[in-house]
Amino acid sequence: MKLIHRGFALACGLVPFSLASQAWAQSNADNDIQPVGQRPPPAEEAPEIQAIPDIGGVLTPKGRLVIEPEFQYSHASVNRLTFRGVEILSTLQIGVLAAEDIDRDTFTAAVTGRLGVTDRLEMELRLPYLYRDDTANFSVNEADEPFDLERSQSGDGLGDIELAAHYQMNSGRGGGPFFVGNLRYKSTTGEGPFDVDRDDNGIEQELATGSGFHSIEPSVTMLLPSAPAVYFANLGYLFNLKDDINEDVGDVRVKEVDPGDAVRISLGMSYSINPKSSFTLGYKNDFIQETDTTFVNPDTGNSVTQSTRSLNVGSMLLGWSYQMSNDTVFNLGLEFGVTEDAPDTTLTLRTPIGLNVF
């Protein structure tokens, strides 16, 4: 029997209409309560599809396989005006004024498979394919030689394959919350930033489709059903493993890179509009630590370590789900960046399809 009860799946818009459409009528004669309508199908025939991607939700029942095609579009832009020099008056500046306008578009097509190994354990595999396009415009206003520069780059290919396991730690009976433990591993199957071709100055000629570094992310998800809503929260820590690069980039040699780890939190609510539809409202935030890069001067052999600044990536989450059939759900998700380091918008379309395999 599925340990996460139907109330959660209903609130997330995951239960077939026939499970929620059984009405109860009270007779005028003897005040007896009588069921009317169609009898619901057996519980094992209803789809149990994860409601919250990458966070952990309703686990797939034992013996059930969910295939989830996904399309995602992300847009990020950077508009920055930099002045280096001396400002005598607000209208009189002596120095260099530089403006940059960068637009980044990423298209991702992915297929995710989730298998219910037991009623408490679910395994997941995600295969992404990426297309990236960056357009940058630089304008430098120098006193003796102003110039404008426009540059466009693109790249496509297999992304980083991910493996994940989700385990339901308690039954959640008595009205208490459910707790789901998650463990996710990201590989380096995509072309990393140090795998792409570069010119003699070390400038990349194409865009990477992967991070280039292995990562492991343990997390815990809390789910609290309160019909017709479900409250959720997730806390995780992303370990990015450092690696020996030993690659020449321009005039220096990159010896070692240690990407910054990240603390990841998210919380929100999923509300059932009717037995087939629900919407989700939430917020997520990644606090990414500094990345340390060790460079070696090929002439002197001296090494120096430089650190980037930390990042604060926060986004508002909006989602909508519609149960098209007993085996298929349509999900639409939208993220709005609310911090400087977050992408402006991210649109995700997912259509999980379930079938019984054993």
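Modeller: E70 forms a salt bridge with R126, the closest N and O atoms being 3.1 Å apart. A salt bridge here is a side-chain nitrogen of Lys or Arg within 4 Å of a carboxyl oxygen of Asp or Glu. E70 lies in strand β3 (residues 64–89) and R126 in strand β5 (residues 121–141), so the pair ties together parts that are 56 residues apart in sequence. Strands are DSSP runs of E with at least two residues, helices are runs of H or I with at least four, and both are numbered from the N terminus. E70 is buried, and so is R126. Buried means under 20% relative accessible area, exposed means over 50%, and partly exposed is in between, with a 1.4 Å probe and protein chains only.

A word on the basis. This is a predicted model, in which local features need pLDDT of at least 70 and side-chain atom pairs count only at pLDDT 80 or more, while totals for chains, interfaces and linings use all residues. Residues are numbered from 1 along each chain as its sequence is written, and side-chain values use heavy atoms, with hydrogens and water left out.

Side chains of opposite charge can pair when their charged atoms come close. E162 and R184 do this too, with 3.0 Å from N to O. E162 has a relative accessible area of 15% and is buried. R184, at 12%, counts as buried as well.

These two pairs belong together. E70, E124, R126, E162 and R184 are linked in a network of salt bridges. The count for the structure comes to 15 salt bridges.

Another one joins K284 and E335, at 3.2 Å from N to O. K284 lies in strand β14 (residues 277–288) and E335 in strand β18, so parts that are 51 residues apart in sequence are tied together. K284 counts as partly exposed, at 26% relative accessibility.

Follow β18 from there. Strand β17 (residues 311–323) and strand β18 (residues 329–337) run antiparallel and are joined by 9 bridges. Two strands pair if DSSP finds at least two bridges between them. β17 and β18 form a hairpin, with 5 residues between them. Y322 stands opposite F330 in β18. β18 also pairs with strand β19 (residues 345–350), again in the antiparallel sense, over 6 bridges. There, L334 has L347 of β19 as its bridge partner.

Y322 has a ring partner too. The whole structure holds 6 aromatic pairs. W320 and Y322 form a stacked one, with 6.1 Å centre to centre and 20° between the planes. The rule takes rings of Phe, Tyr and Trp (its six-membered ring) with centres within 6.5 Å; planes under 30 degrees apart are stacked, over 60 edge-to-face, and the rest tilted. W320 is partly exposed at 37% relative accessibility. Y322 is partly exposed at 30%. Elsewhere, ring pairs link Y73, F107 and Y131 into a cluster.

Now a separate sheet. An open sheet of 4 strands has the order β11-β12-β15-β16, with antiparallel pairing. β11 (243–249) and β16 (303–307) stand at the edges with a single partner strand each, so one side of each is left without a neighbour in the sheet. Neighbouring strands of this sheet are turned by 25° against each other on average, direction ignored. β11 pairs with strand β12 (residues 252–258) in the antiparallel sense over 5 bridges. D244 stands opposite E256 in β12.

G301 is in the loop between β15 (292–296) and β16. G301 is partly exposed, with a relative accessible area of 49%. Its C-alpha atom is 9.8 Å from that of R253, 48 residues away along the chain.

Last, the overall picture. The protein has 2 helices and 20 strands. Of its 358 residues, 36% count as buried.

Key. Axes fitted to C-alpha atoms, helices over the stretch in contact; angles between N-to-C directions.
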